[in-house]
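Have the sequence and the 3D view open as you read.

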Amino acid sequence: MKHSLIILLATFVLGIPSVASEGLRLIELAPGKRVWLTAEQVYKLSLQNHFSKGVCAGFIDVTKHPENVGRPMQSLIDFGKLEPTKQAIVNPIITLASPQPLGLRDQQIEGLGLRYYGSENGAKAAQWIQNEFTKMAAGRNDVTSALIKHDFAQPSVMVRIQGHGSHADQRVILGAHEDSIVGPGADDDGSGVASLLEIFRLLMVSGFVPDRTLEFFAYAGEEGGLLGSGEIAHEYAQRKIPVLAALQFDMTMYPKNSNLVVFMTDYTDAGLTVFVGKLAKAYTQAEVKVSRCGYGCSDHASWYRNGYPSVIPFESLMNEYNPNIHTTRDTGDKLDYNHGLPFVKIGVAYAVELANLEE
Ligand code: BES
Ligand code: ZN
């Protein structure tokens, strides 16, 4: 009842479309547990999950690609044994990192308002994000970008720094989701998109030219069940595109005065998680812990389901995450841009270490 009221309010008072498309959707609630739901029921589910705090039930919309579960992991290297070796390149770049530009980015994204994936404003947000990336890449003819269309209004954004080495066909991926489901999503996931923009800026100002190809994704429709990333990862798997690793940033700035980076252990690659944990220790002062999402709680799960190693460094332990997400209270005043800083450093280190890894 409570939820129906919210849908009604969203639809008629706020003018937010309550559904992305007509017809039933096949929703995976847990491995092997699938149900057909109406679009309205899916919308309710996405709100419900975070009403009871600490429960990140999560779900994946598998309507388009029900078959891509369980593709064997195609790891190109053994991450567990890997050590950080690119200090000479990484250190000068991360000394340029500071909380102010990161915070500004998050505020700009918050200022875009509700970025619902089925809305025109959600589509406008994608264009804004692409444009911001493009401006920072002025004069770089090895940087290209694209809007990736889906069967809802909001496209995903892809920005590529072409690799120049012998493994340039291999991709090293960084991602975050650009959509929000209720309110401006300053943390969920403005924080992730702000991190991507800041990592990209630092790579551009330092003139970094990668050996492997770096790809930055702002995924559409994550809140609808990993819709954008689900299509993209499926397409990559079908075309057998070699992806070395996919890192996801989804919520990195809550709570205040925290120095913690938490790695989720489900729907992620254990070896890659160990390696990115080593990067956190080598390049930041943050304390490193592990936790569990409970299910496919963000876009890293799309890569993982399609057989690609994934990792997600997260803001807190699972029972301490930002209680304001999926409400209009997910705003910058609750956040700490200092807390977001180690994630930017980890992103830079991940990009440089893996793009330039000798093999
Ligand atoms: N940012 C959240 C994921 C999240 C929330 C992770 C809290 C850890 C703690 C994401 O945007 C989200 O809301 N995911 C949904 C699942 C999604 C497929 C609709 C979730 O976790 O319920
Ligand atoms: Zn969310």
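What follows looks at a pair of helices and then at the cores. Keep in mind that this is a predicted model.

Start with helix 6, residues 186-205. Of its 20 residues, 18 are buried, so the rest of the structure largely encloses this helix. Just past helix 6 you'll find G207, which has a positive phi of about 70°.

Now bring in helix 10, residues 337-355. Helix 6 packs against helix 10 at an angle of about 55°, and the two axes lie 9 Å apart. The crossing of helix 6 past helix 10 is right-handed.

Who touches whom? Here are the residues on each side of that contact.

| Helix | Residues in the contact |
|---|---|
| Helix 6 | S195, E198, I199, L202, L203 |
| Helix 10 | F343, V344, G347, V348, A351, V352 |

By type, the contact holds eight nonpolar residues, two polar ones and one charged one.

Next, the cores. The largest nonpolar core has 65 residues, and the members touching the most others are F200, L203, L214, F216 and L354. Helix 10 is the top contributor to this core, giving 12 residues. What does F216 touch, if you skip its neighbours within four places in sequence? Its contacts are F133, V157, M158, V159, I161, L174, L196, I199, F200 and L203. There's also a second, separate core of 13 residues, with Y219, I232, I241 and Y308 among them.

Notes
Residues numbered from 1 in each chain as written. Chains lettered and ligands numbered in written order. Predicted model: local features only at pLDDT ≥ 70, side-chain atom pairs only at ≥ 80, totals over all residues. Heavy atoms only, no water. Axes fitted to C-alpha atoms, helices over the stretch in contact; angles between N-to-C directions. Helix = DSSP H or I, 4+ residues; strand = E, 2+ residues; numbered from the N terminus. Left-handed = near helix turned anticlockwise from the far one by under 90°. Contact = heavy atoms within 4.5 Å. Nonpolar A, V, L, I, M, F, W, Y, C, P; charged D, E, K, R; others polar. Core = buried A, V, L, I, M, F, W, Y, C linked by side-chain atoms within 4.5 Å. Buried < 20%, exposed > 50% of the residue type's maximum accessible area, 1.4 Å probe, protein only.
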